[in-house]
Amino acid sequence: MGLGQELLLALTILAVCCLPALIALVFCADEILDRVACGWADWRDRRRERRTVARLDRAIEAEALTRDIDLTEFDREGRRPLEQLAIDLRRLGGHRLAAADRSVVWHGAVIEAYDERLRAACRALGIAEHLAELDGVDREIERVRVEGLLHAAGLTLPAARAAHHQRHR
């Protein structure tokens, strides 16, 4: 046998051995391509999300927003979770806005409970407030200011005149 025939025999044996793998590759090519395409798309989406978050952090200066928050306040025993304070504020805020058909005593109790929750949320987030020191119109103005600061910190509260705002949207 010559060198050419030996080479041809070796290539034939190699082709016969690789034939099952080649058949499997042909039958599974769409699955393989799909996995590669999905992996590429997932990687691209994760990369895009990371870049967007980094851009947003730079745009709003996220570090500056949280720099003054005392994180040890969150570990204190007996502290109400911020999520529970937010739920209470939304519930009490709704009662405060719908107090037209309630007694003055009930309305006063709701306002006092609402202000107490506002003070607790301000303590948790390191926001200065003066609700306990004020009364009358000054207290109302301070309440609006504190609600605005809590909203800027990410705590959404019901608006003072929710029905009025809804009509004009």
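This is a predicted model: local features need pLDDT of at least 70, side-chain atom pairs count only at pLDDT 80 or more; totals for chains, interfaces and linings use all residues.
Ile111 is a handy example, since it counts as buried at 14% relative accessibility.

Residues are numbered from 1 along each chain as its sequence is written, and side-chain values use heavy atoms, with hydrogens and water left out.

So, the overall picture. The protein chain has six helices and zero strands, and from the N terminus on its elements read α-α-α-α-α-α. Helices here are DSSP runs of H or I with at least four residues, strands are runs of E with at least two, and both are numbered from the N terminus. Of the 169 residues in the protein chain, 19% are buried.

Let's go to the core. By a nonpolar core I mean a set of buried Ala, Val, Leu, Ile, Met, Phe, Trp, Tyr and Cys residues joined through side-chain atoms within 4.5 Å. The largest one has 17 residues, and those with the most contacts inside it are Leu89, Tyr114, Leu118, Ala121, Leu150, Leu155 and Leu157. Helices α3 (82-97), α4 (104-125) and α5 (136-152) each supply at least two residues of this core. Helix α4 gives the largest share, seven residues.

Back to Ile111 for a moment, because you can find it in helix α4. Its C-alpha is 6.5 Å from that of Arg96, although Ile111 and Arg96 are 15 residues apart in sequence.

Now for the charges. A salt bridge here is a side-chain nitrogen of Lys or Arg within 4 Å of a carboxyl oxygen of Asp or Glu. That rule gives a count of 11 salt bridges.

Which residue does Glu112 pair with in a salt bridge? The partner is Arg119, with the closest N and O atoms 3.7 Å apart. Glu112 is partly exposed at 37% relative accessibility, while Arg119 is buried at 14%.

Arg117 and Glu116 form another salt bridge, and their closest N and O atoms are 3.0 Å apart. Here Arg117 is buried, with a relative accessible area of 15%, and Glu116 is partly exposed at 32%.

Arg143 is buried, with a relative accessible area of 2%, and Glu140 is partly exposed at 39%. Through shared partners, salt bridges join Glu112, Asp115, Arg119, Arg139, Glu140 and Arg143 into one network.

Last stop, the surface. Patches are made of residues with over 30% relative accessible area and no salt bridge, where like charges are joined within 9 Å and nonpolar side chains (Val, Leu, Ile, Met, Phe, Trp, Tyr) within 5 Å. Accessible areas come from the Shrake-Rupley method with a 1.4 Å probe, and for residues only the protein chains shown count as cover.

Leu19, Leu22, Ile23, Leu25, Val26, Phe27, Ile32 and Val36 make a nonpolar surface patch of about 790 Å². Val26 sits in helix α1 and is exposed, with a relative accessible area of 58%.

There is a positive patch too, formed by Arg46, Arg47, Arg50, Arg51, Arg55 and Arg58. Lys and Arg count as positive and Asp and Glu as negative, with His and the chain ends not counted; each charge is placed at NZ of Lys, CZ of Arg, CG of Asp or CD of Glu. Arg55 lies in helix α1, residues 3-60, and is partly exposed at 45% relative accessibility.

Definitions and conventions: Buried means under 20% relative accessible area, exposed over 50%, partly exposed in between (1.4 Å probe, protein chains only).
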